[in-house]
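Hello,

I am passing a structure on to you, and I hope you enjoy looking through it. Please open it first, and then read the notes below alongside it.

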Amino acid sequence: MDRPVIALTMGDPSGNGPELSLKALCGGRYDGRANVIVIGDLRVMLNARRILHLEDELELRGISTPGEAKFAKGVVNVLDLGLFDDISRLRIGQVDALSGRAAFLSVRKAIELAMAKEVDATVTNALNKEAMNLALEEADGSFSDGIRHFDGHTEIYAHYTGTKSYCMMLMHHDLRVSHVSTHCSLREACDRVRKERVLEVVRLTDRALHDMGLGRVRIAVAGLNPHAGEHGLFGHEEIDEIIPAIEAAKAEGIDAVGPLPPDSVFSEALGGLYDAVIAMYHDQGHIPLKTVGFVYDRDKGAWKALEGVNVTLGLPIIRTSVDHGTGFALAGSGKSDETSLVNAIDAAISFAKGRR
């Protein structure tokens, strides 16, 4: 009864999400710690088991509700949405509308379960935005499942939970980065740097860090421009928007500092000077975190490690995710690295226990 129930979406079935899910769950890694239920399609997961040659190690049980799950070593419960009536329609390694639909519906189901408190937290494998939106374009009745244009997971969660104030945080061990904007053009991202939004992200980050059990929290706010604007020499966004947001946060008792030069603040945070950094746009925050979390082996010509966790702050439910894409190039090979997914599940367990 003390083990949180985690809903894990299979991700885009044309990608490596189904394989990663089974690799993360095999070997009894979560026995005694959490009860994990895969949300998706049983046929897809059976196909992933075949790819990984885990037929003798893992039993896959199809269920229709979390209450039907039976947790035991070597058993993976799959909440089967019946998304593929014919597995021959599965296109491994390709952008495919049917897979985009399946990924979307798996996410929506996980959200519904969490909102109904049937699970304690949700973890998402990657989906492909192009495939998901192809499902919308090819709507002909079979795709009339409430699919609409979404920029990504974060926006799906915000829509179906009715959340207006939210942001993305990436984590790699003690390096945590929250984003003022994510999936938009760089030109639009500059326009989104406004006092109200910067302050909102600082507040969400401060609250999340305290929820994680950190004591004294110190948040660094990055500048938008080179050298954080150099007192207006390279831009006025710091003076007009970012500094007023920091001052407002300080007035609320939040220990926020900045704006700090983006080219050095992440190294300082990595060294322990700050508990989190507020990045002004997608790549400003993603590049430093993935530089330390993603390790490429030049001799083998392959990724050695893919670490990092994506967390959506501000939601009424818990959502963590892998910090990488659908891995189409590796899908079907069984060679994908599950480290990021393991990190995401571990983070979800921690958040769930903290909320309890």
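Two strands are taken to pair if DSSP finds at least two bridges between them. Please keep in mind that this is a predicted model.

Strand S5 (residues 121-124) runs parallel to strand S14 (residues 319-322), and 3 bridges join the two. If you want a place to look, find Thr-124, which stands opposite Ser-321 in S14. Strand S13 (residues 309-313) also pairs with S14, here in the antiparallel sense and again through bridges, 3 of them. Val-309 is the residue that stands opposite Val-322 in S14. S13 and S14 make a hairpin, with 5 residues between them. In its turn you will find Gly-314, which has a positive phi of about 100 degrees.

Next come the charged side chains. How many salt bridges does the structure hold? The count is 9, and three of them are worth a visit.

- Arg-176 and Asp-174 meet through their side chains in a salt bridge of 3.7 Å, N to O. Arg-176 counts as buried because its relative accessibility is 7%, whereas Asp-174, at 57%, counts as exposed.
- Glu-200 and Arg-197 form a salt bridge whose closest N and O atoms are 2.6 Å apart. Both sit in helix H7 (residues 195-211), and because they are 3 residues apart there, about one helical turn separates them.
- Asp-255 and Arg-218 have side chains that meet in a salt bridge at 3.8 Å, N to O. This pair links distant parts of the chain, 37 residues apart: Asp-255 is in the loop between helix H8 (237-251) and strand S9 (256-260), and Arg-218 is in the loop between H7 and strand S8 (219-222). Asp-255 counts as partly exposed at 24% relative accessibility, and Arg-218 is partly exposed too, with a relative accessible area of 23%. Salt bridges with shared partners join Arg-216, Arg-218 and Asp-255 into one network.

Searching the whole structure turns up 1 aromatic pair.

One last stop is Asn-133, in helix H4 (residues 129-137). Is Asn-133 buried or exposed? Its relative accessibility is 12%, so Asn-133 counts as buried; the cut-off for buried is under 20%. A polar atom of the Asn-133 side chain lies 2.8 Å from the backbone oxygen of Lys-129.

Definitions and conventions:
Residues numbered from 1 in each chain as written. Predicted model: local features only at pLDDT ≥ 70, side-chain atom pairs only at ≥ 80, totals over all residues. Heavy atoms only, no water. Helix = DSSP H or I, 4+ residues; strand = E, 2+ residues; numbered from the N terminus. Buried < 20%, exposed > 50% of the residue type's maximum accessible area, 1.4 Å probe, protein only. Polar contact = N/O pair within 3.5 Å; in protein donor to acceptor, adjacent residues only side chain to side chain. Salt bridge = Lys/Arg side-chain N within 4 Å of Asp/Glu carboxyl O. Phe/Tyr/Trp six-rings, centres within 6.5 Å; stacked < 30°, edge-to-face > 60°.
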